[in-house]
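Student: I would like to learn how to read helix packing and aromatic pairs in a model. Could you take me through them step by step?

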Amino acid sequence: MQIARNRNGIISEEVWTEISNRYSSIFGQLSSQTPESPKTPLNKNSPSTIFRFSRTYELAKYREIFNTIASICIAQCVESVDLLNTQAIMDTNLLNYLLPKRVLKDLEIKQRLVPRVSAPFGYRLTSAGKDYFSEFLTVSPDVNNGAPTVSPADLLNKSLRFIKTGATSKNESQHIESRQFTIELRQI
């Protein structure tokens, strides 16, 4: 709720100001306990180690979509969907490494990603693809559908952090692979 867009339409600014003033000591404690956003930078045009699950087919549906969104963000060296560029050409090898073939094929069929057949080669995110990914960050978790009660932003941050650092829970660590990539972002 500390982010203005998360409370938009739920409570007014006046109410939020009163709550935050009254309970500022509690909010300070909570913010120090929440996981940090993935600020580990990826260096464009220099080698970076990229991590992935070797068994991506075992990922739950909600984790697969956030892994896909994070992979697209990593391929463009950005931290959020808002910063994604529909004119950038992403490395085919990097996306083939991070995403299962069936996911890439589905994104192509639904015209969310388009392969470039002329130089520069790679994948380009479409406006429809960016809008599709943005929708997942605005929907609240649905407990009845088996999705966790974690916010979409936290799921995206967790996926970004994993791809950058390999950090995950203990029971998943045995299925992790890593590889070096030089991320080059080209424009059309």
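Tutor: Two packed helices are described by the angle between their axes and by the distance between those axes. In this predicted model, the axes of helix H4 (residues 61-75) and helix H8 (residues 152-165) come within 8 Å and cross at roughly 60°, which makes H4 oblique to H8.

Student: Which hand does the crossing of H4 and H8 have, and which residues make the contact?

Tutor: The crossing in which H4 passes H8 is right-handed. On the H4 side the contact involves residues including Tyr62, Phe66, Ile69 and Ile74, and on the H8 side residues including Leu155, Leu156, Leu160 and Ile163. The residues of this contact divide into 11 nonpolar, 3 polar and 1 charged.

Student: How many aromatic pairs does the structure hold, and how is such a pair described?

Tutor: A pair of aromatic rings is described by the distance of the centres and the angle of the planes. The structure holds 5 aromatic pairs. In one of them, Phe53 and Phe162 are stacked, at 4.3 Å centre to centre with 10° between the planes. Phe53 lies in strand S1 (residues 47-53) and Phe162 in helix H8, so the pair ties together parts that are 109 residues apart in sequence. Both Phe53 and Phe162 are buried.

Student: What arrangement do Tyr132 and Phe136 form?

Tutor: Tyr132 and Phe136 form an edge-to-face pair, 5.1 Å centre to centre with 80° between the planes. Both lie in helix H7 (residues 127-138), 4 residues apart, about one turn of the helix. Tyr132, at 22% relative accessibility, counts as partly exposed, and Phe136, at 28%, also counts as partly exposed. Ring pairs link Phe66, Tyr132, Phe133 and Phe136 into a cluster.

Conventions. Residues numbered from 1 in each chain as written. Predicted model: local features only at pLDDT ≥ 70, side-chain atom pairs only at ≥ 80, totals over all residues. Heavy atoms only, no water. Axes fitted to C-alpha atoms, helices over the stretch in contact; angles between N-to-C directions. Helix = DSSP H or I, 4+ residues; strand = E, 2+ residues; numbered from the N terminus. Parallel < 35°, antiparallel > 145°, perpendicular 65-115°, else oblique. Left-handed = near helix turned anticlockwise from the far one by under 90°. Contact = heavy atoms within 4.5 Å. Nonpolar A, V, L, I, M, F, W, Y, C, P; charged D, E, K, R; others polar. Phe/Tyr/Trp six-rings, centres within 6.5 Å; stacked < 30°, edge-to-face > 60°. Buried < 20%, exposed > 50% of the residue type's maximum accessible area, 1.4 Å probe, protein only.
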